Structures are given as C-alpha cells and as structure tokens.
Protein chains: 2
Amino acid sequence: MRKLKVLLMSCLATILMSCSLLGNAAESDGWQSLFDGKTLSGWKQINGSAKFEVIDGVIVATADETSKSSYLATELTFGDFIMEFEAKVDSPLNSGVQFRSVSKTSYKNSDVVGYQLEIDPSSRGWTGGIYDKNRGKWLYPLSYNDAGRTAYEKDEWNKFRIEAIGNVLRTYVNGTATANLSDNQTSEGFFALEIESTAGDISKLGNQVSWRNIRVKTQDLDQERWSNGKTIAEVNFIPNELTEGQIAEGWELLWDGKTTQGWKGAKLDSFPPIGWEIKDGVLSVLSSGGAESRNGGDITTLEEFSDFELEVDFNITTGANSGIKYFVDPTLLKGEGSAIGLEFQILDDDTHPDAKKGVAGNRTVGSLYDLIAARNLTELKRDNKYFNDIGYWNRARVVVQAGDVQHWLNGIKVVEFNRHSQIFDALVAYSKYSKWQNFGGWEKGPILLQDHGDLVHFRSIKIKRLNRVEEK
Amino acid sequence: MRKLKVLLMSCLATILMSCSLLGNAAESDGWQSLFDGKTLSGWKQINGSAKFEVIDGVIVATADETSKSSYLATELTFGDFIMEFEAKVDSPLNSGVQFRSVSKTSYKNSDVVGYQLEIDPSSRGWTGGIYDKNRGKWLYPLSYNDAGRTAYEKDEWNKFRIEAIGNVLRTYVNGTATANLSDNQTSEGFFALEIESTAGDISKLGNQVSWRNIRVKTQDLDQERWSNGKTIAEVNFIPNELTEGQIAEGWELLWDGKTTQGWKGAKLDSFPPIGWEIKDGVLSVLSSGGAESRNGGDITTLEEFSDFELEVDFNITTGANSGIKYFVDPTLLKGEGSAIGLEFQILDDDTHPDAKKGVAGNRTVGSLYDLIAARNLTELKRDNKYFNDIGYWNRARVVVQAGDVQHWLNGIKVVEFNRHSQIFDALVAYSKYSKWQNFGGWEKGPILLQDHGDLVHFRSIKIKRLNRVEEK
C-alpha cells in the first residue's frame, strides 16, 4: 500500500513538473527564468577554467585538464525558493548545482562553499544527494534513500528540483524525492552550475555538462511544495533540536543542549564536577593530558536502552581520542579506567598513535573499538571512510536491533555485526574483552561518552527506541 | 507448486493411512497384527524395570525411577517390512520404537542395539528421526527436515509408519515424511517399544507411553510404499556409495573407496608413497608420533571447488588430531607444515591437549580451526555437540555458498560464518592466519585431508557442487 502511494505521488509529481516546465517561457505563476536561452547574462564564472557557453539554447560546459572544479554562478542570491532545471552529464563526469552558496576571499581562497545538489553518474547512484562543498562532506548521501538511487537517467536529460524553505532542503530527480534535509548553516546564497575537471583522468577529457530550463520561484512556496519529499528518510543537522517529523517518529533528545539533566558520571552518583563543560549548545570533554577517565571520567545516560537508533554529532581536536559506548555495565570495572561496553571509537586517525595500534585498524574512528575496523560498507568499490576534518562536525550513528548492530559515520555504514552471533563470541574471545562474561551481549545498558583526556565536543545527541523484533 | 504437491501427498498419505488402519482387525492385504489387543503374547521385556501391561486394548508402560530405558521387544525378527503403530507419550517423557534391532550378551551387556524411531516431545521436535541406539548417535536428526518437526502432536495419539526396504529406511509421523535414510548396518532384527526411565527427574515420574494398532507387512512392499518419503532430504551412510537420489542431485564421490585416483600429496606431484593406507574401503592417515605433516603429509583433491556441499565420514583413534581443509592454497606455506586453508577440525577432545589450547575452544572437533569454536547451533537450549565415541564413524559436513559457510557434525550445525564478511576479516586479523592475505576468501581451492601424525580413518568422501548465487 505504501509503495503504491509513493508510486502515485511520484507519477503526480512528474505530471506537475512537466506542466510547470511547459509554462517556462511565460514566467507564469511567479516562476522566474534564470537563463534567457541565448546569453550568460546574470551569471558569472567562479574558479576553474572550464569553458561555459550557450549552444542552441543550452548552457554547455566542457571539462578541462586543470585540477579544480569550475562554477557558473548567479549574480543574484536567493534565500527561500523552489528551483528547477534540466541537466545532461556525460558519464563518467561528476557534476552538481550549488544552492545557498557563497564565495569569500577570507575562506578557502574564494572557493565555492555551501550546499550542492549532486549529479553522480557512478554506480552508487547518489544523484540528488546533498554535499556540503568545502565545509563538511556529505549531508544527505543516498545511502539514506535507496529508492532515490535509481531516479537518475545516465547520459540523458534529467529534471531536477530543489525546495529550500526555511531550514528544510529537499531535492527531486525526475519527480522522485531524493533528499530530505534539515540544516541551518546558510540561509541565503547564489546558485552555481558545477563541472569538475578531468583531474588527469583522460576518460573524462571533453566530457560536457548541459543545463536548460533553469527557473526559480520565491513566493507562495508552501502551496508549490511537493508532498512526496517528506515521505523519505529525514536527516536533521539543526543542533540539539528535533524536527516535527523526528518527534512523530519517536526520536528523543538525550541531551537538552543546556544542562546536565539525564546524565551522570559513569562511576559517580551525579554529574562530574570537573572535566566536562557545557557552553553554547556544545557538551565538551576537556583536555587533561590524554589519560583514560582520569579527569571528570566518562558520563552516561541515566536511562538504559536495548534496541535503538542513536545519533551523536562530534567534533574533535587534533590528536584527540574519545568514544561513544553502548550496552555498558558501569559496575564491572571498579576504580580507574573507562567503563566496559561496546564502543563506537572516536579518534584523530591522522595523528593519534592508537590508529596504528590494535589489530588491523580496529582502533580507528568509527570502528567497534578493538574488535572490528571501520571500513566503507555502503559503497562498493570504495574503501575510504568519510571523516570531516578537525574542527568540523561528524555524525556517529549506531543502530541496534535483534542483535544486529551497525555503526555509521557521516552517512556511511562502516561496521556491522550481530552481537549474539557465534563469530562475535569468537572475536571477543581473542580480544581484551574476553574476561567480561557475555561482553556486548547484555540485554540493556546506558549510553556513555568517554573521557579520554582530550578535548572533544558533542551535540545533537538523540535516540529513537526501536521495537523489539525476534532474533533470526 | 512444490508446496502444493507436498501438501497433496501429505493429505493422500493421511487418507491412505486411515483406510489401512481401519482394516487392522481383518489383517487384510497381507498386514499382520503384532498386538492381539489383550495380552503381551509375542513380546518379551528386555532391560529396565518399567512395567508394560495391557489396559483397555492398549499396551501401557509406566516410567520408573531406574536409570535405564525399558524395552518390550517382539519375539520375531523382521528384515524388509512396512510397520505401523499408534503411540501416545506423556510429556516430557522421551520414547521410541526400535526396529531391525538386536540384543547380544557379547555387546553392551545385552542392551538393545539398532535403529530407533524417536518420539521426542521436546521443543526441537525430532519425533520421527532415526537414532542409532548404542552404536553411533543420530543417523537422521530432524535438523535435516524442518517440515517434519511439526508433524507430531504432543500428548495425543499419533500415527507412525516405518518403511524398511533394502537399505532404505523411511519414517512417517501422521502421514508426514520425517526421515529418509540409507544405511546397511543391520538388515534384520526385532521391534521394541521403548520407555525411558525418569532418571531422577521427578517431573517424569508416572509418565506413561501407550501403543496400539501395531501391525506389520512383509510382502509386496514396493506397491505399499508411500511416495512422499523420497521427497525429503536424504541421508546416506552406505560406505563409499551414492544413492540414485544423490546421483540425480549432483553428488560425486571424491574418493572411489579403492585407489588414490583424484588425490595427491598437498606439496607433491603425486600421492604420498608413505603415511597413507587404503584398505577395506577405508582411507587412513597413519600414526607417526603426532607431528604435523611430517610423514606422508597432507593430501588434496586434484580438483578445486568454489561453492559446494561436502561430506566426509571420519573415525578417530584415542588422542588423534587431523582435519579437513577447504579453500586451500598449497603453494603458500613452503616446506614443512600443513597447507594453508580453512579447516574443519578433527580432534579427540577428551584426550588431545589441543582441545584446551587455542582460544575459547576453537581447536575442538568441528570447530573452524583456531577461529570459531564449534557449538550446537541447531538445538536451542542445548550446548553439547554430538560426537560419536572413539571407534565409531562421525560425519563432517561443510556447506559453502555465496560466502556463507557452515560446519555440521553428525547432523548438528556447529559453526557458521560468512568468509567475505567484515567480522570474519576482523577475526582472522587476530589469529595466526593474519599473515596470509585474504585467508579464507579465495575464490576456489582443493579439499585437503590432514596428516597430523595420528591414525585417523576416512570414507564416504563426497561433494555436491552448488550453483553460484549472488552475495547478499
């Protein structure tokens, strides 16, 4: 039934889109064309040396051999809007359209910064995803939306739509909802058409990207908004807030952004008097020289959890070590040392020595600490994790249901295992956790943030309790 | 379609059974009653002290407190036959009916020996399975036949049927086919009704087993045979032979029972001139003091295999160590030492020191050697493996498909893992195999029998190649 509904909505959306595009020339209903069909009037090139030109009523860009992307940006900026365009991209070239974007001499040498609707002809099929150009990395990869991954038609003309209304940013590819993001980093900026350089890949040399029928609407947006955009998975980066959709889905904030309510020292009766700081919506474990749980010590939720989906945003400093633990038993290890439980490792892989310790990388960021090394399980043929640089926010996500556990780092699944499986027991038996009976298999436990003596920031700590389902 | 067919057959079988039982009193169509409804004439008690008596036309046995099972056996013996009876067993008592069974003063103090149709009211639901009383253990546990596990009605009258024709032994519970076994250990023997003792379990004290409508037919058996019995999984213990059904399914003998054809030394161009012996349908690795691959050395198949189902029967001597390896690369480890590959461990857990070495039991019989300790994964709430004592044959089974690997020992799944999974890589990284790149992940390899310097016998080595299916 739900599938049928989605299908109907998708059809309806396509029909609506076709109708609205027909009205393009007339600029009816408040739509405003951003391309006159003949000249690049109203546009300016930012960065890169790829040539943008108008050929037969179409803006055409041709990939050149430099190492930088080239952008053709609108001279005007836009805040709330609905924007549509058509694009055709020669595979294997990657492309995209920036929105609410800026370019400042003071930041990254005037490079383009901001949201990009991705056009990605590769096998992962993330066209319609939202990438955070020159800030973090992926805000809405299509790992969140499998159905959206097939909306794009390779090497054909495709119809795109961006709805940016308040903090809600949604994209559509050929009528299919592809991204549903809540974010408040930039409320206004230009549009920019992007073509990547060939960057030495001769298979891309001469590849072209074409755009046409580019138009925008800035008034009466609520009526114009499509309804299928809110039916797909929602990703929310607004700090320490839940969206209406998340509240309806059962998400709860584990931290209120202001107080210590709901938390305590892992081995204390109350919140640690030292070692932790709350300031400007950020919960920070303070630096004390890198030792494990010797300053304020770990903190845990007062509540315990069984099956859940957990999200924690974290922002590390150079060389930092910390972690998010779950299924913790704080009573096991008395005295000094971090409490015992499964751990989503937080680490500066580049400079902390632990990254090269452990076994086969099982102490790197995103790993199940000391047990399973994080690797990219979402994208076939790509090995790399996506870690946002020091000073940027990263998102940890832990999903636990019916024994199955997944770690996600910035929208990429990096670890999966079943905590009740024979092979998990075999792995634990080899590790330093072998001495804790049924380690990782306990029925429930609190969520823990680790004090490893390094300055690490946390925010947007939220959880959705999942219904118990029977184990396979 | 296949389900429908099975359902129809099952219905038909039930109808046929009902009809045939109606004719019981008349002894029509060559059926012969084994119980006159009034006395125990034609029966004699063997072992145990439970009382067997006739009450209201039914043979009733009542569990007593001794530690031995009690049997009421026919005075006559039977070779080929079809036998039917009804039985009602008070839960949680276990019961069964012996067939082609013997009792000899020279063996186990005259205890009953031979095939038993099991009546098993426990949660695993193995009623209708065939147990090898006082020889091996399970010949046909219902781990092979999930559909059969629900045929039995607890604490009710149930209809049973045994077809023993030549080497083919089949059982039915309420018309559902439950076991389909080929075995040639005993061609003739008595029937015996079994009641187990309470063995100190007071919940069983006073539990009764009742039998009625016991009849047998010994002529014109082929016409009388039900057809649904051959539709369920077949288990074959006839040494070094395939049944017609197995040949049709694609099984191949890896060893012909007589020659060295198809095998060679793992690190040699031909079969080892010493260290291995072929005699009376048994392939034996000879004792040379317990060292690894120092005498004849390991032997491997000439052929390589990818996805397959492998069966190897093995029979160890006291304190012995050996193994069956798969996905082997004999070129990796030059010189001395066993070739590198995944290993179904063969060990005398009771007396070989390796059983207590390794990590958490991962060197015990049935284990994925040095990686995953074998345990009973088939029966919830039971931890024990079923190992047939020194001098008896045991069956190793390895199933590999789409990365998923299972070890089975005597019909019980004891190990499962995915050889291409992240957690398998994490486990290998902890083990001594970490130095062999992609250990266990290779596309194909020969099957290997290990020379560990101890006398171990092999026979019935067979394989079924499985079609490649796409990995999840």
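Reader: Is B:Asp370 buried or exposed?

Author: This is a predicted model, in which local features need pLDDT of at least 70, side-chain atom pairs count only at pLDDT 80 or more, and totals for chains, interfaces and linings use all residues. Residues are numbered from 1 along each chain as its sequence is written, chains are lettered from A and ligands numbered from 1 in the order in which they are written, and side-chain values use heavy atoms, with hydrogens and water left out. A residue is called buried under 20% relative accessible area, exposed over 50% and partly exposed in between, with a 1.4 Å probe and protein chains only. B:Asp370 has a relative accessible area of 4%, so the residue is buried.

Reader: Where is B:Asp370 found, and what is its phi?

Author: B:Asp370 is found in the loop between β24 and β25 of chain B. Helices (H or I, at least four residues) and strands (E, at least two) are DSSP runs, numbered from the N terminus. Although B:Asp370 is not a glycine, its phi is positive, at about 70 degrees.

Reader: B:Ala360 has a positive phi too; is B:Ala360 buried or exposed?

Author: B:Ala360 is found in the loop between β24 (340–347) and β25 (394–401) of chain B. The residue is not a glycine, yet its phi is about 55 degrees. Because its relative accessibility is 60%, B:Ala360 counts as exposed.

Reader: How many helices and strands does chain A have, and what share of its residues is buried?

Author: Chain A has 4 helices and 29 strands. Of its 472 residues, the buried ones make up 57%.

Reader: What is the radius of gyration of chain A, and how does it compare with that of a compact globule?

Author: The C-alpha atoms of chain A fill a box of roughly 75 × 50 × 40 Å along the principal axes. The radius of gyration is taken over C-alpha atoms, and the globule rule is 2.2 Å times the number of residues to the power 0.38. For 472 residues a compact globule would have a value near 23 Å, which agrees with that of chain A, 24 Å.

Reader: What percentage of the contacts in chain A between residues at least 6 apart in sequence join residues at least 24 apart?

Author: Contact means heavy atoms within 4.5 Å. Among the contacts in chain A between residues at least 6 apart in sequence, those joining residues at least 24 apart make up 69%.

Reader: How far apart are the centres of the positive and negative side chains of chain A?

Author: Lys and Arg count as positive and Asp and Glu as negative, while His and the chain ends are not counted. Each charge is placed at NZ of Lys, CZ of Arg, CG of Asp or CD of Glu. Chain A has 53 positive and 65 negative side chains, and the distance between the centres of the two sets is 2 Å.

Reader: Which residues of chain A lose the most area to chain B?

Author: In chain A, 25 residues are in contact with 25 residues of chain B. Buried area is the accessible area (1.4 Å probe) that two parts lose on being put together, summed over both. Between chain A and chain B this comes to about 1,800 Å², with carbon and sulfur atoms giving 64%. On the side of chain A, 47% of what is buried comes together from the residues that lose the most, namely A:Gln422, A:Ile423 and A:Tyr430.

Reader: Why is helix α4 of chain A described as largely enclosed, and what do its buried residues pack against?

Author: Helix α4 (residues 422–430) of chain A is largely enclosed by the rest of the structure because 8 of its 9 residues are buried. Those buried residues include A:Phe424, A:Leu427 and A:Val428. They pack against β24 (340–347) and β27 (412–418) of chain A, together with β27 (412–418) and α4 (422–430) of chain B.

Reader: What do the buried residues of α4(B) pack against?

Author: In α4(B), 8 of the 9 residues are buried, among them B:Gln422, B:Ile423 and B:Tyr430. Their packing partners are β24 and β27 of chain B, together with β27 and α4 of chain A.

Reader: Which residues is A:Gly290 in contact with, leaving aside its neighbours within four places in sequence?

Author: A:Gly290 is found in the loop between β20 (282–285) and β21 (299–301) of chain A. Its relative accessible area is 27%, so A:Gly290 is partly exposed. Leaving aside neighbours within four places in sequence, the residues in contact with A:Gly290 are A:His452, A:Gly453 and A:Asp454.
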